Amino acid sequence: MLIALFITELILAAIIIFTTYMMSNKFKGIEISLGIYSSPRAYKTQSHVAFIEKVIKKYKECIDTIGEEANIESIIKSTLYKEYIGKFPFAAVKSIALKATRVMWGIIFLEGIVAFINNTTHEVPTILIITTSILLTIMIEMFKYIKSVEDQNDVVIMLVQDYLLNVYPMEVRKSLTNKEIVRLRTRVTELERELKTEDAIESAISEYREKEKVSNDELSMQDIVKLIGIFQ
């Protein structure tokens, strides 16, 4: 029984390490995707910016519905908790990474009870198993503290919140300004083209009048037909 509990302890330790690294990589990926999304020169794939786009879409919907009172932090958290890490739900992975050590401490307690019932508390194998279990659990607790998944979670939420509050509105205004500039430049080009066309027409009419000795009165239908032939 003690061996089975110890093996369970080892499996739990491996699962905690694995899920902690999964969480860390997820948070790192979100930070990278935020940098990619906010960089106009970066190549953006759908997988890289999917999370940020989801948050922005929800943020826009809330702004349109309830205005500036939209709770940005809750939007980010709800989007994050609906994410998947590979094929595993984000919430489940985070729960295991943060809370599974409680089960490890529970297993140590069970090991002590089993040893007491079997009257093996003073035997060397039992002492080694329980001591190793305690040390292993302490090491996992230290590993979790060093990796600080909760802190990484808070940092990511803060970074995305800062982007939505301070960077995204500026980017939207800049984009609208650039679109307006492009529209105005296009219109100016069109007007220049129209003016050049009008000048060309006036010049052609003047040349035609001089060449055909047409008076300054209105052109005849025949003259207009000839002019149209010039521009075709």
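**A tour from pocket to ring cluster**

Select K26, G29, I30, I32, S33, S47, H48, A50, F51 and E83: together they line the second largest pocket. The model you have open is predicted. This pocket holds about 170 Å³ of space.

Now colour the helices. Both α1 and α2 (46-66) supply at least two residues each to the lining of the second largest pocket. The largest share comes from α1, with 5 residues.

Next, colour the lining by residue type. The second largest pocket has 4 nonpolar, 4 polar and 2 charged residues in its lining.

Leave the pocket and turn to the aromatic rings. The whole structure contains 4 aromatic pairs. Select F27 and F90 for one of them: an edge-to-face pair, 6.0 Å centre to centre, with 70° between the planes. F27 sits in helix α1 (residues 2-38) and F90 in helix α4 (residues 90-117), so this pair ties together parts 63 residues apart in sequence.

Show the surface and look for F27. It is buried, because its relative accessibility is 0%, under the 20% cut-off. F90 is also buried, with a relative accessible area of 0%.

Is Y81 buried or partly exposed? At 36% relative accessibility, Y81 counts as partly exposed.

For the last stop, select F27, Y81 and F90 together. Ring pairs link these three residues into a cluster.

Key: Residues numbered from 1 in each chain as written. Predicted model: local features only at pLDDT ≥ 70, side-chain atom pairs only at ≥ 80, totals over all residues. Heavy atoms only, no water. Phe/Tyr/Trp six-rings, centres within 6.5 Å; stacked < 30°, edge-to-face > 60°. Helix = DSSP H or I, 4+ residues; strand = E, 2+ residues; numbered from the N terminus. Buried < 20%, exposed > 50% of the residue type's maximum accessible area, 1.4 Å probe, protein only. 1 Å grid on protein atoms, 1.4 Å probe; cavity = no way out; pocket = protein on both sides within 12 Å on 5 of 7 lines; lining within 4 Å. Points joined across faces, edges and corners; volume = space filled by probe spheres on them. Nonpolar A, V, L, I, M, F, W, Y, C, P; charged D, E, K, R; others polar.
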